[in-house]
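I am opening my notebook to record what I looked up in this structure, one entry at a time. The model is a predicted one, and I keep that in mind throughout.

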Amino acid sequence: MRKSIAFAGLGLAAALVLSGCSTAAEAEAPMEETAVIDTVNSDGSALRAQLTALLADHVYLAGAAIDQALQDGGDLTTEQVTAAVAALDENSVEVAALVGSAYPDAEQPFLDSWRSHIPFFVNYTLGKATGDDALAEQAVADLGAYAVSFGQLINSVVPELPAEAVQAELEMHATTLLAAIDANIANDPAYFDLLKEAASHMPMTATALAGGIATNLGIQ
């Protein structure tokens, strides 16, 4: 029953909380870029390892934020939820900084795009938790459209990465994380294994992205 209490306004609250933690996270971005720039430009394997760690963290942090929001009845203003969302956004900034260390002009567009898909998972959770099938279906459609646009964005920066291949990686990310969200809402213990499965897909995504970037930059 805890999953369906007081969810009105969750989607709007998600946007407000995400935008609220953006300014502080962005202030740290230059430090992140300085820390990784030499590694990215000289070592493709290090790039792959960093991407793998950050993308896996993304899944677990997204799962933690959504779980905390569910526990708090959809109130994204609680201290616990705010902290979870801030940690998730910090991860987004770190991923963007890693990309930006290789392609400085792409850092902000990447961050804007990456941030934009997170509220879709929140809307899906809201729809499923409250029985609003239309909202959940719209969230799935939004995630599908996002996968297309993200693939196009990455391809525009790294032509060696086909837009369709990047799209497929994002679609798998969405499918596996949505399955974990379904289990969480249903209080199904399989949630933990499903969240782990969603995270376990991230090394494949990181390998694909790092491989294209390494080829584009001419690094090993």
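**Entry on Asn91.** I began with Asn91, which I found in helix H4. I then asked myself: is Asn91 buried or exposed? Its relative accessibility is 3%, and because buried means under 20% relative accessible area, Asn91 counts as buried. Next I looked up what surrounds this residue, and, leaving aside neighbours within four places in sequence, I noted that Asn91 is in contact with Leu54, Asp57, His58 and Leu61.

**Entry on the nonpolar cores.** I turned to the largest nonpolar core, which has 53 residues, and wrote down that Phe110, Phe121, Phe150 and Ile181 are the ones that touch the most other members. Looking up where the members of this core come from, I found that at least two residues each are supplied by helix H3 (44-71), helix H4 (79-102), helix H5 (107-116), helix H6 (118-130), helix H7 (133-157), helix H8 (163-185), helix H9 (190-200) and helix H10 (202-217). There is also a second, separate core of 6 residues, and I listed Ala65, Val81, Ala84 and Val85 as being among them.

I then followed Phe121 by itself. Not counting residues up to four places away in sequence, Phe121 touches Ile66, Leu143, His173, Ala174, Leu177, Leu178 and Ile181.

**Entry on the aromatic rings.** How many aromatic pairs does a search of the whole structure find? I noted 5. For Tyr191 and Phe192, the ring centres are 5.2 Å apart and the planes stand at 65°, so I recorded this pair as edge-to-face. The two partners are placed in separate categories of accessibility: Tyr191 is buried, with a relative accessible area of 8%, whereas Phe192, at 59% relative accessibility, counts as exposed. I also wrote down one aromatic cluster, which is formed by Phe110, Trp114, Tyr146 and Phe150.

**Entry on H7 and H8.** Two packed helices are described by the angle between their axes and the distance between the axes, so I looked up both values. H7 and H8 pack at an angle of about 145°, and their axes are 7 Å apart; the crossing of these two helices is right-handed. From H7, the residues that make the contact include Leu143, Tyr146 and Phe150, and from H8 they include Ala174 and Leu178. Sorting the residues of this contact by kind, I noted 12 nonpolar, 4 polar and 1 charged.

Technical notes. Residues are numbered from 1 along each chain as its sequence is written. This is a predicted model: local features need pLDDT of at least 70, side-chain atom pairs count only at pLDDT 80 or more; totals for chains, interfaces and linings use all residues. Side-chain values use heavy atoms; hydrogens and water are left out. A nonpolar core is a set of buried Ala, Val, Leu, Ile, Met, Phe, Trp, Tyr and Cys residues joined through side-chain atoms within 4.5 Å. Buried means under 20% relative accessible area, exposed over 50%, partly exposed in between (1.4 Å probe, protein chains only). Helices (H or I, at least four residues) and strands (E, at least two) are DSSP runs, numbered from the N terminus. Contact means heavy atoms within 4.5 Å. Rings of Phe, Tyr and Trp (its six-membered ring) pair if their centres lie within 6.5 Å; planes under 30 degrees apart count as stacked, over 60 as edge-to-face and the rest as tilted. Axes are lines fitted to C-alpha atoms, for helices over the stretch in contact, and angles run from 0 to 180 degrees between N-to-C directions. A crossing is left-handed if the near helix is turned anticlockwise from the far one by less than a right angle, and right-handed if clockwise. Ala, Val, Leu, Ile, Met, Phe, Trp, Tyr, Cys and Pro count as nonpolar, Asp, Glu, Lys and Arg as charged, and the others, Gly among them, as polar.
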